[in-house]
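Visitor: Could you take me through this model, one feature at a time, and show how each value is reached?

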Amino acid sequence: MRFYSFVIFFFCLLQLSAQTDVYERLTFPENLAASNVRSPRQFLGYRLGERFTEYARSVAYFEYLAEVSDRIRLERYGSTYEGRPLLLLTVSSARNMNRIEFIRRNQLALVNGYRTAGAQVQGILDDQPVINSYSYNIHGNEASSTEAAMQFAYELATTEDPVTLAALDQTVNLLFVCINPDGRDRYVYWYNGMARATGGEEPRDLEHYAPFPNGRTNHYWFDLNRDWVWGVHPESRGHTAAYQRWMPNVHTDYHEQGYDANYFTTPGTTPRNLILPDAYEGWTDTFGRANIANFDAQGISYFTRDRFDFFYPSYGSSYPSVMGGIGMLNEQGGIGAGRAVETEDGFILTLRQRIWDHYASSVAQLQTAAANREALQRYSLAAWDPLNSRAETTAYLIENDGSDYFDDLLQLLLLNGVEVERTLEPLTASGIGYREGGATRERTHAAGSLIVATEQPRHLFVNSILGEQLEIEDSVMYDMSTWSAPLAYNLEAYRFGGPLTVDTEPVTLIERRGGLTMPAGGLVYAYAIDWSQRNAPQALAELWKAGVRVRASLEGFTDDDGNAFSAGSLIVLRGRNLDVEASLPELMQRLADDYGLTIRGFTTGRMQSGNDLASTRNFPLREPRVAMLVDEPFDTYTSGQIYFLFDWETRLPVTRIRTSVLRQTAVPKFGSRYGYADLNDYDVLILPDANNLEAVFGETERATLRDWISAGGTLVTVGESSEFFTADRKFTDQQLVTPSRDTSAAAANLTYQERTDYYGKKNVPGTALRASLDTTHPLAFGMKDEVYTLKFGSTALQPAAGLQSVGRYIPDTTNLLAAGYAPEESLDLLAGTTWAGVRSIGQGQIVYLIDNPHYRMFWRGPSRLMQNAVMLVPGM
């Protein structure tokens, strides 16, 4: 304790060297009404803004407030990968807290209000607080908002101000105090270790440049503010589940942007989700004006209606809107600012200022929500009522293809509170098939299909996520242009515009798949695992770890019982594993149980059709030694997706090597075994997306890399990294397909104001394109021959004799665009070209993945390509 007190004292000495009056100008309430509750300053030992607070200290303070105040309840809704608790504070008047579960149940009754008699609804509304929600610090290095949450929670716990007390009685306030504790602590511990005693206001100072991967992302380098819908990570699954238990009427997501920017508050800009109620924009303006009234009085600089759109529904600012609430965003300038920084106009922006701004807007939101309690409830009632829907679709149907991606989509729907039915008989109906480019025709769908009707409270969410295309009013957008879940999971989906008549049952949980099937009598000759199963790569990694010798089938085969196995299926021969023979039955049972796999044992190696199990055409799979380059210039997000895919999901070891280690090497080898990376220690090298590989692979390094590939290495490239290893850099003779420079008269005569819109409309901003796969190639083993690939930009590979073109955009330009936005010239350019391929160099190969096959880990349809590239292709 003495040591910690010394540390606090030391940091308090690190006073800001400018704007020393900031603490007098921006004061926070303390010792309210003779309360014995300690303020953040009294509890922490320093004033908010003098240093960043480690997450554990923030947790301790929130726990303290919950212990001493009858207005606060604290619950732990989950844990991060690194074991930090995820906390939700529920804050209201003592009267409301005494009946908090009653209020929560009533809120969920209102969600279904259109199914309830009007008098009963009015009876609830008469005394139902508005549910007012806040999410702080979803990006770890946007750290001021958790600091602000401590002060805000303290004031709500202790205030005796009549206006605030009345507001508390009209609201139940949900404070998600830190969505991303792992990222926050990564940034905070680094920054506190870099803080200068003399202040580091100069923008060039080290403290304004956090090293890779900085603190924005979670443990696996993901942007959690793109994961509200998908629930890939525990942080997201936790807060989405907690959100669904309350279904708030109002929610604001608190962020920071570059420190030269002024405070952003709602409304946002285009494009907008046009199926939202008309009143949504007016409400965001109401809350935005409440914020700026405070800012005007204090001289705080701000802006609205610019830069930030709420089109993508998986932001913290847009997810609440498709759930029937008012979703909003507040963005404080401050990323990289530390405790103080000089901005481009000579202003000294302090951490204290950033905290105060977010605190002030939190208070304004509370007061505005309270003042409009019933009107906000009625907005949500109308938004939850499917009779008010603007969408023409009455139901979506997803055919059960037996894949785990089907289960992924079902899990997503259940996580988000969507009502789902399963058909108990075949259904014949006329609808629009997503594969068929909008054609309406009659089809028969097998029993076991999922039906999601739009006549349910979450119809806004259903139409936003399951529809293949939302109307786009502006092609210049902050994020991607499509996110249709059936396309992302590469499922067979249909939509209908009329009633469906079919027997169904509600679906509330995921049915268990898989199991070990052992032959009746006799010794087991071999085991087989179909590679098309989602978790087959996990099984392969486990088999390698257990020292089991594994083969992969070069072609599909069928056993005597008619069970079909796809190309790439894993074969474990007992006769080749005598040293581990006794452990095989138990191992196979565990793999089937742990990963939901169907595994079959055979007493014979003779198959009904296809190659026999011990055929020499079934090639041995040896565990590769895998490395991935990280750090600049490689994209953090793409690196994180690959890291997550192998480390967390597949459990295959991948060594992450900093480019600085690679660059500081002797020629001709990439370093030594003592501190530098030697490519000869690895069989596979993964290069995530990067836009300046020349800085890593100069002429000498390219020659060394080519020698390594020729000797049997496999280079796996993603995105712009794929573009680097082409004829442009004379690494291969592979030609790129790229857009030609616009020399038109229209471009030449643009005004300055017109340029952004003109060139924005020429961009392909995250668009789903229809593509084919050569499933006879190991790179596409276990996959469907049709897939939706997510496209950013207009670059592809030119098909050639020396290129094994595994993934191609379909040649039909008129049907190439599946969802999202793409200009006609880009579709004409891309049609029939290659986005996934393999080129041999000596005994090795380069794998080109021009399109990221697992974008944000929710676009899963093509994701097996990466696992195949690393686990199967090296053994070809």
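What follows is a conversation about helix packing, sheets, aromatic rings and backbone geometry.

Visitor: What kind of model is this, and which pLDDT do local features need?
Guide: Residues are numbered from 1 along each chain as its sequence is written, and side-chain values use heavy atoms, with hydrogens and water left out. This is a predicted model, in which totals for chains, interfaces and linings use all residues, side-chain atom pairs count only at pLDDT 80 or more, and local features need pLDDT of at least 70.

Visitor: How are H19 and H29 oriented to each other, roughly parallel or roughly antiparallel?
Guide: Helices (H or I, at least four residues) and strands (E, at least two) are DSSP runs numbered from the N terminus, while axes are lines fitted to C-alpha atoms, for helices over the stretch in contact, with angles from 0 to 180 degrees between N-to-C directions. Helix H19 (residues 536–545) packs on helix H29 (residues 864–871) at an angle of about 25 degrees, with the axes 11 Å apart. Angles under 35 degrees count as roughly parallel, over 145 as roughly antiparallel, 65 to 115 as roughly perpendicular and the rest as oblique. H19 and H29 are therefore roughly parallel.

Visitor: How does H6 lie relative to H15?
Guide: The axes of helix H6 (residues 100–111) and helix H15 (residues 373–384) come within 9 Å and cross at roughly 45 degrees. That angle makes the arrangement of H6 to H15 oblique.

Visitor: What is the average twist from one strand to the next in the open sheet of six strands?
Guide: This sheet has the order E18-E24-E19-E23-E20-E25 and mixed pairing, with E18 (515–517) and E25 (619–621) as its edge strands. From one strand to the next, the twist averages 30 degrees.

Visitor: What kind of aromatic pair do Tyr-81 and Tyr-220 form?
Guide: Rings of Phe, Tyr and Trp (its six-membered ring) pair if their centres lie within 6.5 Å, and planes under 30 degrees apart count as stacked, over 60 as edge-to-face and the rest as tilted. By this rule the count comes to 43 aromatic pairs. With 4.8 Å centre to centre and 85 degrees between the planes, the pair of Tyr-81 and Tyr-220 is edge-to-face.

Visitor: What is omega for the cis peptide bond that joins Thr-266 and Pro-267?
Guide: Most residues other than glycine have a negative phi, and most peptide bonds are trans. Pro-267 is found in the loop between strand E6 (263–264) and helix H12 (279–298). The bond between Thr-266 and Pro-267 is cis, with omega of about 5 degrees.

Notes. Pairing = 2+ DSSP bridges.
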